[in-house]
Amino acid sequence: MAVKIILPASPAQKLSSAPISSELEVRIRKRFPHPEGTFNLNVHFRALAGFTILFGASGAGKTTLLDCIAGLTNPDEGRVAIAGEDLYDSEKRRNVAAWKRRIGYVCQDLALFPHLSAEENVGYGLRALAPQERQRRSREILNTFRIDHLRARRPSQISGGERQRVALARTLATQPLALLLDEPLAALDLPTKSSLVRDLRKWNQDHRVPILFVTHNQDEVFALGDEVIILDAGRIIAQGQPHEVMRAPRLETVAQLSGFENIFDASVLALHEDRGTMTCHLRSGTVELETPLVRAEVGSHLKVGVRAGDLLLATESPRGLSARNVLPGTIRRLVQRDVIVSALVDCGGSEFDVHLTLAARDALQLAPGNKVWVVVKTHSCHLMRA
Amino acid sequence: MNWEAFWLTVRLAAIVSALLIVIGIPIAYWLTYSRWRFKFLVEAAVALPIVLPPTVLGFYVLVALGSRSPIGRWWESLTGHTLAFTFEGLVIGSLLYSLPFAVQPFAASFGAVDSSLLRASASLGHSPLQTFRRIVLPLSKAGLVTGFTLSFAHTLGEFGVVLMVGGNIPGVTRTISIDIYDQVQAANYSGANLTALLLLVISFLLLSVVFGLNRFGANRRPSAVAPWR
């Protein structure tokens with residue numbers, strides 16, 4: 001009836017003898033209907049052994065991309081290959097079924113089997129092994145992920161962080177040729193997160209396989225990334241090492257997706273490399289902002305994005321503040337949206353949108369025409385390519 | 001109280017619902033996961049016995065089992081007698097009659113298994129059939145029991161199909177509902193009352209099991225998509 005998959009005795013050893021071959025190549029085009037018209041996924045990249053971060057706002061196509069690699073959905077055309085072997089190739093009309101691909105996939109909702117204990121979940125992918133060997137391997141990985149004490153419990157009886165560990169252990173136990181992790185750390189508190197990252201890193205040292213790690217959290221990019229790929233609306237807009245890609249000016253489309261209410265055209269006035277900042281002049285008026293330093297030349301044009309919720313408003317000139325930018329201005333309009341008040345403040349010709357609570361508006365007795373000060377922290381300024 | 005008819009009916013219902021587990025699971029599997037464009041036609045055909053008068057169903061089964069049809073002739077050449085007016089014929093008629101009562105709960109419970117579990121199983125190296133056996137079936141226990149119980153109860157109370165296909169042969173095809181009819185015809189109301197009450201109580205208990213099970217045992221989520229090929 002059913003065909004069993006045969007796991008090589010120890011793929012880890014096999015891979016370490018030929019480390020170059022454990023490369024994941026992905027070239028995918030896929031169009032599919034979407035609430036706002038047709039979505040076009042069109043990417044091409046290679047991922048070597050180690051962590052590659054897929055970074056992008058929600059709706060950038062990250063999960064669809066992973067599904068295509070895992071074989072859970074079909075691309076329109078392209079090629080997916082692991083270690084030189086085709087898993088999908090539209091030209092050769094080759095399409096290996098998901099269950100034969102040996103690609104580990106931990107999806108966002110974890111999908112632990114509710115009717116199986118933690119140990120049975122972890123052993124689920126090992127059914128080709130003899131029972132003793134399967135138990136040995138499950139126990140080993142349960143130990144590595146420090147969840148040995150949970151082995152008899154059902155998923156409904158363990159905490160969120162532990163479930164995340166079980167899901168990871170279940171996938172890693174099968175010794176996949178590549179690993180796809182769709183926001184596996186989302187919804188975890190910081191200590192849980194960093195200990196899980198440590199365990200994952202440790203596992204990765206012993207098993208050198210490509211790991212695609214999806215996140216929209218910047219901190220995770222720096223904590224994990226050997227390489228980061230930035231995805232926006234189905235396309236790769238930047239790829240490289242985290243400190244290069246993430247610190248460089250980004251395209252404004254990314255900013256708009258992540259919701260910057262204030263976007264200004266600016267030009268660079270001066271670089272302060274010793275302080276890690278630079279001064280930018282907002283070209284709509286006279287305002288000068290101190291912003292984080294990016295790779296840019298004096299005189300070059302950029303866009304500066306600031307979230308309305310990151311701005312402070314003061315009715316008297318504030319003193320003794322750590323924030324570098326305190327801009328005098330006048331309230332032009334106050335607009336109430338649900339429980340948020342949006343104050344539009346004119347500062348030397350540039351208009352800032354500042355979000356306040358109703359209580360703040362009433363306590364400060366804000367009204368159009370009032371003189372106020374807008375406070376902008378340096379690191380609330382996000383720089384983008386013009 | 002005609003215990004012969006009672007036990008014959010219970011035997012018939014048990015055989016039919018057991019066979020429907022075997023037949024119904026593959027059909028429900030196909031109905032749940034097939035992406036065939038005209039699947040709805042099969043769905044409609046399976047549901048037909050719900051709305052069709054039992055006499056119509058019984059009539060066609062009788063014709064199909066009779067010595068003029070290929071099936072009837074084949075059976076006759078095999079066994080030397082026709083299927084019509086036998087217990088075996090009754091089983092076949094009842095299988096069709098109760099098919100939707102097994103298949104629909106099966107398909108509903110298969111479809112309620114979260115598709116992300118099926119995707120996870122595939123990425124852990126399990127074929128669609130292995131996934132079905134190790135994930136879908138265990139998580140569909142309530143649906144399987146529901147289908148079994150409903151088809152049992154439905155077969156227990158059938159009348160029209162039995163009369164058309166089986167006739168009224170004591171010990172062979174006379175079921176409990178036909179016995180009630182006979183007793184009423186013979187103006188034996190107290191006998192009919194006793195038998196009818198027994199059928200009512202049994203049916204109520206069986207349905208209570210079904211609803212109790214779905215009330216307390218189910219953790220269902222909507223929609224399922226088969227990720228496999």
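Is A:Ala83 buried, exposed or partly exposed, and how many other C-beta atoms lie within 10 Å? A:Ala83 is partly exposed, having 18 other C-beta atoms within 10 Å. A residue counts as buried if 20 or more other C-beta atoms lie within 10 Å of its own, as exposed if 12 or fewer do, and as partly exposed in between, the C-beta atoms being placed from the backbone.

This is a predicted model, in which local features need pLDDT of at least 70 and side-chain atom pairs count only at pLDDT 80 or more, while totals for chains, interfaces and linings use all residues. Residues are numbered from 1 along each chain as its sequence is written, and chains are lettered from A and ligands numbered from 1 in the order in which they are written.

**Chain A**

The domain assignment divides chain A into domain 1 (18-247) and domain 2 (252-385); such bounds come from an automatic or database domain assignment. Taken over C-alpha atoms, the centres of domain 1 of chain A and domain 2 of chain A are 39 Å apart.

Two alanines of chain A deserve mention for their backbone. Most residues other than glycine have a negative phi. For A:Ala83, however, phi is positive, near 50 degrees. A:Ala83 sits in the loop between strand S4 (77-82) and strand S5 (85-89) of chain A. Here helices (H or I, at least four residues) and strands (E, at least two) are DSSP runs, numbered from the N terminus. A:Ala111 also has a positive phi, near 55 degrees, and belongs to the loop between S7 and helix H3 (118-123) of chain A. A:Ala111 counts as buried, with 24 C-beta neighbours inside 10 Å.

**The contact between the chains**

Chain A contributes 22 residues to the contact and chain B contributes 18 residues. Two residues are in contact if their C-beta atoms, placed from the backbone, lie within 7 Å. On the side of chain A that touches chain B, strand S7 (residues 103-106) of chain A gives the most, with 3 residues. That side of chain A comprises 15 nonpolar, 4 polar and 3 charged residues. In this classification Ala, Val, Leu, Ile, Met, Phe, Trp, Tyr, Cys and Pro are nonpolar, Asp, Glu, Lys and Arg are charged, and the others, Gly among them, are polar.

**Chain B**

Chain B has 11 helices and 0 strands. Its C-alpha trace spans about 65 × 45 × 25 Å along the principal axes. Of its 229 residues, 45% count as buried. Among contacts in chain B between residues at least 6 apart in sequence, 76% join residues at least 24 apart.

Helix H8 (residues 141-156) of chain B packs against helix H1 (residues 3-33) of chain B and against helix H5 (residues 87-111) of chain B. Two packed helices are described by the angle between their axes and the distance between the axes. Axes are lines fitted to C-alpha atoms, for helices over the stretch in contact, and angles run from 0 to 180 degrees between N-to-C directions.

| Helix pair | Angle | Axis distance |
|---|---|---|
| H1(B) and H8(B) | roughly 140 degrees | within 8 Å |
| H5(B) and H8(B) | about 160 degrees | 8 Å |

H1(B) and H8(B) are therefore oblique to each other, whereas H5(B) is roughly antiparallel to H8(B). Angles under 35 degrees count as roughly parallel, over 145 as roughly antiparallel, 65 to 115 as roughly perpendicular and the rest as oblique. The crossing of H1(B) with H8(B) is right-handed, and the crossing of H5(B) with H8(B) is right-handed. A crossing is left-handed if the near helix is turned anticlockwise from the far one by less than a right angle, and right-handed if clockwise.

Where H1(B) meets H8(B), the residues include B:Leu12, B:Val16 and B:Leu20 of H1(B) and B:Phe148 and B:Phe152 of H8(B). This contact has 9 nonpolar, 6 polar and no charged residues. In the contact of H5(B) with H8(B), the residues include B:Phe101, B:Pro105 and B:Phe106 of H5(B) and B:Leu144, B:Leu150 and B:His154 of H8(B). By class, that contact has 9 nonpolar, 9 polar and no charged residues.

B:Leu65 is located in helix H3 (residues 54-65) of chain B and counts as buried, with 23 C-beta neighbours inside 10 Å. Residues up to four places away in sequence aside, B:Leu65 touches residues including B:Ile71, B:Leu83, B:Ile92 and B:Val165. B:Leu65 and B:Val113 are 48 residues apart in sequence and 39 Å apart in space, C-alpha to C-alpha. B:Asn193, in helix H11 (residues 189-216) of chain B, is partly exposed, with 13 other C-beta atoms within 10 Å. B:Asn193 and B:Met1 are 192 residues apart along the chain, and their C-alpha atoms are separated by 9.6 Å.
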